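Let's read a fold together, one feature at a time. Have the coordinates open and ask away.

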Amino acid sequence: MFELLRSHTLTTCLGEVAYTTNAPQGGAPPLFFWHGLGGGSSAYEWSAVYPAFAAEYPVFALDLPGWGASAHGDQPYTLAAYVDHLGECLDQLAPEPAVVVASSLTAAFAAQAAIAQPQHFRALILVCPTGLSDFGQDYRQSLIAQVARQPYLDLAFYRLAVANPLGVQSFMTNQQFARPARISPEMVATYTQVAQAAGAEVAALAFVRGDLCCDLSHSLPHLRVPTYMVWGEQAKLPPLSVGQRLAQLNPDAIRAFDVIPDVGLTPQLECPAVMISVLDRYLGQI
């Protein structure tokens with residue numbers, strides 16, 4: 001199935017975007033995968049999952065602007081810009097409403113895009129969705145966010161704490177994975193390479209500063225697109241308790257809420273076979 005997938009680029013308002021896709025076929029709805037945000041994030045996060053669907057679905061796995069192999073423009077990266085960007089990609093690449101799979105903060109972008117432009121969405125599958133300031137907990141007041149807002153100190157923080165193998169390994173161990181033994185050298189090397197790319201600090205620091213935060217609890221009740229939520233039982237940011245509260249805000253739209261035991265923030269990277277099974281079940285319902 002891997003031979004079905006090819007790399008392409010798309011011109012968007014935020015610059016050239018890199019994505020991987022197969023030869024789109026008629027019948028099944030397009031299936032889009034968007035990664036979460038953090039030092040070294042890219043579509044690699046879904047690389048052990050989306051090939052499993054390439055034989056049956058038109059698959060698109062994209063790097064957000066400022067991340068992965070997409071353009072790293074020296075420009076403001078904002079919540080509104082990313083929300084509009086998702087809609088722009090769907091408008092250009094999908095001839096019909098798509099199933100969008102997204103994680104973490106990008107899942108919050110996807111939810112807001114689905115509220116604003118529901119015509120582009122067949123369904124949402126959200127993994128640990130968070131605005132990082134949900135239920136009034138303002139991430140921008142955290143120590144890390146305040147450090148990242150200090151000139152010169154922000155770049156030092158990024159280079160010393162994020163864009164190196166030790167920083168990547170530390171984040172994966174303490175925040176991303178439930179079991180550090182599942183972290184492979186390939187994962188650390190890939191995240192490090194992406195984090196060290198020229199200009200990667202611009203979007204990453206916008207994220208760390210809190211420029212992209214929102215309170216998802218305010219927008220989620222307005223969602224009308226069928227939505228499925230997945231949570232890692234051991235996720236820390238955000239924890240399972242936040243996910244349960246978010247799901248209760250809109251039981252009409254949120255059709256399922258599944259907890260994957262013994263995994264953290266990125267079950268798609270930590271236990272891809274389990275994630276594939278969950279997605280396959282949701283797609284059967286859609």
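Q: Which residue in E7 is the bridge partner of Leu124?

A: Strands of a sheet pair through backbone hydrogen bonds, either parallel or antiparallel. Here the partner of Leu124 in E7 is Thr227. Before we go on: this is a predicted model, where local features need pLDDT of at least 70, side-chain atom pairs count only at pLDDT 80 or more, and totals for chains, interfaces and linings use all residues. Residues are numbered from 1 along each chain as its sequence is written, and side-chain values use heavy atoms, leaving out hydrogens and water.

Q: How many bridges join strand E6 to strand E7?

A: Two strands pair if DSSP finds at least two bridges between them. E6 (residues 121-127) and E7 (residues 227-232) run parallel and are joined by four bridges. Strands are DSSP runs (E, at least two residues), numbered from the N terminus, as are helices (H or I, at least four).

Q: What is the strand order of the open sheet?

A: Its eight strands go E1-E2-E4-E3-E5-E6-E7-E8, with mixed pairing. Strand E1 (6-12) and strand E8 (254-260) each have a single partner strand, so one side of each lacks a neighbour in the sheet.

Q: Which strands does helix H1 lie across?

A: H1 (residues 79-93) lies across E1, E2, E3, E4, E5 and E6, at about 115° to E1. Axes are lines fitted to C-alpha atoms, for helices over the stretch in contact (heavy atoms within 4.5 Å); angles run from 0 to 180 degrees between N-to-C directions.

Q: What does the C-alpha trace span along its principal axes?

A: About 50 × 40 × 40 Å, for a chain with eleven helices and eight strands.
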